[in-house]
Amino acid sequence: MDKIRDKSNCTSLRKYNFTQCRGHCDSVSTATYGDEGYESSCNCCQPEDVERFNNVLLKCPNGETRRTNFMEIKTCKCRPARCITVPDKSGMLETNPQGQVVEANQQQNVRKRRR
């Protein structure tokens, strides 16, 4: 347990549990026939049950008081998530079926690589 502290160093009067979700969840990319390239199915560890603390009172170094909200994660679960491509570090560029270079992190089903 620890006190909540914001960017301005305003601090809560009481302590709260700082929680997180962490774990390994199944993800898969499967090659497909035809022009599709591959299909991906991703899961990630996400909060399932949370407790919300509303209007938590913070006291600032200058004497000012503020209020904030805070979430405590009670349980986590693997849940479906959108798969996002990360930029390729090899120097290769992603192209669409027409051969045009596409921006990193765009949702594309077709993945062809060229130098």
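# A walk through an all-strand chain

Glu72 is found in strand β5, which covers residues 65–81. The model is predicted, so local features are given only at pLDDT of at least 70 and side-chain atom pairs only at pLDDT 80 or more, while totals for chains, interfaces and linings use all residues. Residues are numbered from 1 along each chain as its sequence is written, and side-chain values use heavy atoms, with hydrogens and water left out.

The protein chain holds zero helices and seven strands. Here helices (H or I, at least four residues) and strands (E, at least two) are DSSP runs, numbered from the N terminus. Read from that end, the elements run β-β-β-β-β-β-β. The chain has 115 residues, of which 19% count as buried. Buried means under 20% relative accessible area, exposed means over 50%, and partly exposed lies in between, with a 1.4 Å probe and protein chains only. The accessible surface of the chain comes to about 8800 Å², and 46% of that belongs to carbon and sulfur atoms. Such areas come from the Shrake-Rupley method with a 1.4 Å probe; for residues, only the protein chains shown count as cover. Among contacts (heavy atoms within 4.5 Å) between residues at least 6 apart in sequence, 46% join residues at least 24 apart.

Back to Glu72 in strand β5. Glu72 counts as buried because its relative accessibility is 9%. Its side chain makes a polar contact with the side chain of Asn17 at 3.4 Å, and another with the side chain of Lys74 at 3.0 Å. A polar contact is a pair of N or O atoms within 3.5 Å; within protein, one must be able to donate a hydrogen and the other to accept it, and residues adjacent in sequence count only if both atoms are side-chain atoms. Leaving out residues up to four places away in sequence, Glu72 touches Asn17, Thr19, Asp49, Val50, Glu51 and Phe53.

Phe53 also belongs to the largest nonpolar core, whose eight residues are Ile4, Cys10, Tyr16, Phe53, Val56, Leu58, Cys60 and Phe70. Strand β4 (residues 38–59) supplies the largest share of this core, three residues. A nonpolar core is a set of buried Ala, Val, Leu, Ile, Met, Phe, Trp, Tyr and Cys residues joined through side-chain atoms within 4.5 Å.

Val56 lies in strand β4 and is buried, with a relative accessible area of 3%. Beyond its neighbours within four places in sequence, Val56 is in contact with Ile4, Ser12, Tyr16, Arg66, Arg67, Thr68 and Phe70. Val56 and Ser12 are 44 residues apart in sequence, yet their C-alpha atoms are 7.0 Å apart in space. Tyr16, for its part, touches Met1, Asp2, Ile4, Phe53, Val56 and Phe70, again not counting residues up to four places away in sequence.

The next topic is the cysteines. A disulfide is a covalent bond between the sulfur atoms of two cysteines. The criterion used here is a pair of cysteine sulfur atoms within 2.5 Å, and a search of the whole structure finds three disulfides.

Cys10 and Cys60 form one of them, with their sulfur atoms 2.0 Å apart. The torsion about this S-S bond is about 100°, so the disulfide is right-handed. Cys10 lies in the loop between β1 (2–5) and β2 (11–16), and Cys60 in the loop between β4 and β5, so the pair ties together parts that are 50 residues apart in sequence. Both Cys10 and Cys60 are buried.

Another disulfide joins Cys21 to Cys76, S to S 2.0 Å. Its torsion is about -90°, so this disulfide is left-handed. The pair links distant parts of the chain, with Cys21 in the loop between β2 and β3 (28–31) and Cys76 in strand β5, 55 residues apart. Cys76 is partly exposed, with a relative accessible area of 31%.

Cys25 is joined to Cys78 by a disulfide, S to S 2.1 Å. The torsion of about -80° makes this disulfide left-handed. Cys25 is in the loop between β2 and β3 and Cys78 in strand β5, 53 residues apart. Cys25 counts as buried at 18% relative accessibility, whereas Cys78 counts as partly exposed at 38%.

Cys44 is in no disulfide; the nearest cysteine sulfur, that of Cys25, is 6.6 Å away. Cys44 counts as partly exposed at 31% relative accessibility. Cys45 is in no disulfide either, and the nearest cysteine sulfur, that of Cys76, is 4.6 Å away.
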